[in-house]
Amino acid sequence: MSFRRKLLLMFALAVTLSVTAVTWTVSTMARRAFERADNERTAALITQFRNEFRRRGEDVVERVQTIASSETAARMALSLSREAPDYGTYLNEAKTIADTQQLDFLEFADGEGKIISSAQWPAKFGYPDPSITPGQPAPKDAYLLLEQLPDGAALGLSATREVSAGDKSLYVIGGKRVDETFLASLELPSGMRALLYQNLAPGFSSKQLVDGAGELKQPDRLAPLVERVQ
């Protein structure tokens with residue numbers, strides 16, 4: 001091979017390597033920039049969703065606080081301080097107040113955690129409320145609570161407030177159901193879709209995975225993700 005051909009070959013090889021290196025560098029930088037922008041957008045969307053969810057929780061807290069500050073709650077708390085309080089008087093009180101405050105769940109319980117009145121299940125009268133720990137302060141913020149209902153269980157975004165009368169306490173526990181209707185009411189950022197998986201048992205149940213429109217199409221495609229989170 002002549003010197004001229006060797007020189008041309010080396011020149012072509014150098015150009016090829018340079019183009020390859022530049023292409024790889026640009027591709028890598030572009031991919032990293034895209035991943036960084038995508039991660040930042042994802043983080044921003046998650047932050048917005050959490051802010052919206054927190055806002056809904058604050059709304060529940062405000063409604064429960066309004067009930068706890070009402071004359072009805074004060075009267076119920078005062079009756080607890082009597083030697084033989086008549087709890088039956090307030091059997092249907094929770095349902096009436098829950099409808100007024102647009103709450104799906106509302107219960108009144110005494111200082112020992114026994115239910116005085118329940119909007120979602122009146123027959124729970126006299127039974128202990130599992131969300132109440134006597135002697136412990138009520139949570140300041142809203143929280144997720146699994147509500148037991150006559151036809152099963154439902155997830156609620158709930159809040160608790162304590163009303164004191166002397167050495168006696170009245171607990172007000174209220175909340176809103178977290179389901180597809182709740183998801184549909186959220187003000188989500190553009191491009192975001194919120195899903196809810198309601199089954200707390202092991203394994204995957206496709207009927208329990210919903211969005212704001214109801215049950216999903218092809219929910220089994222998300223089964224690996226749900227099982228990994230569980």
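Okay, let's start with the fold as a whole. Take contacts in the chain between residues at least 6 apart in sequence: 51% of them join residues at least 24 apart. Contact here means heavy atoms within 4.5 Å.

A word on what we're looking at. This is a predicted model, where local features need pLDDT of at least 70 and side-chain atom pairs count only at pLDDT 80 or more, while totals for chains, interfaces and linings use all residues. Residues are numbered from 1 along each chain as its sequence is written, and side-chain values use heavy atoms, with hydrogens and water left out.

So, the parts list. We have five helices and eight strands; these are DSSP runs numbered from the N terminus, with helices being H or I of at least four residues and strands E of at least two. Reading from the N terminus, the order is α-α-α-β-β-β-β-β-α-β-β-β-α. Of the 230 residues in the chain, 34% are buried. For that word, buried is under 20% relative accessible area, exposed is over 50%, and partly exposed is in between, with a 1.4 Å probe and protein chains only. The accessible surface of the chain comes to about 14,800 Å², and 55% of that belongs to carbon and sulfur atoms. Those areas come from the Shrake-Rupley method with a 1.4 Å probe, and for residues only the protein chains shown count as cover.

Now the charges. Side chains of opposite charge can pair when their charged atoms come close. How many salt bridges does a search of the whole structure find? Seven, counting a side-chain nitrogen of Lys or Arg within 4 Å of a carboxyl oxygen of Asp or Glu. Let me walk you through three of them.

Arginine 63 bridges to aspartate 59, with the closest N and O atoms 2.9 Å apart. Both sit in helix H1 (residues 3–68), four residues apart, which is about one turn of the helix. Arginine 63 counts as buried at 19% relative accessibility, while aspartate 59 is partly exposed at 23%.

Next, lysine 124 and glutamate 107, whose side chains meet at 2.9 Å, N to O. Lysine 124 is in the loop between strand E2 (115–118) and strand E3 (143–149) and glutamate 107 is in strand E1 (residues 105–110), so this pair ties together parts that are 17 residues apart in sequence. Buried or exposed? Lysine 124 is buried at 13% relative accessibility, and glutamate 107 is buried with a relative accessible area of 2%.

Then arginine 193 and aspartate 211, in a salt bridge at 2.7 Å, N to O. This one links distant parts of the chain, 18 residues apart: arginine 193 is in the loop between helix H4 (180–185) and strand E6 (196–197), and aspartate 211 is in strand E7 (residues 209–211). Here arginine 193 is exposed at 58% relative accessibility, whereas aspartate 211 is buried at 8%.

E6-E7-E8 is the order of an open sheet of three strands with antiparallel pairing. E6 and strand E8 (214–215) are the edge strands, each pairing on one side only. Strands pair if DSSP finds at least two bridges between them, and E6 and E7 are joined by two. Tyrosine 197 has leucine 209, in E7, as its bridge partner.

Keep tyrosine 197 in mind for the aromatics. The structure holds three aromatic pairs. Rings of Phe, Tyr and Trp (its six-membered ring) pair if their centres lie within 6.5 Å; planes under 30 degrees apart count as stacked, over 60 as edge-to-face, and the rest as tilted. Tyrosine 197 and phenylalanine 204 have ring centres 5.6 Å apart and planes at 5°, so they are stacked. Tyrosine 197 is buried at 18%, and phenylalanine 204 is partly exposed at 21%. Elsewhere, Phe49, Phe53 and Phe182 form one aromatic cluster.

Helix H2 (residues 71–80) has Thr72, Ala73, Met76, Ala77, Ser79 and Leu80 buried. Down the axis of H2 they fall within an arc of 160°, so they line one face of the helix; the arc is that of the directions from the helix axis to the C-beta atoms. In helix H3 (residues 93–101), the buried residues are Ala94, Ile97, Ala98 and Gln101. Their arc is only 105° around the axis, which puts them on the same side of H3. And just after H3, glutamine 102 takes a positive phi of about 55°.
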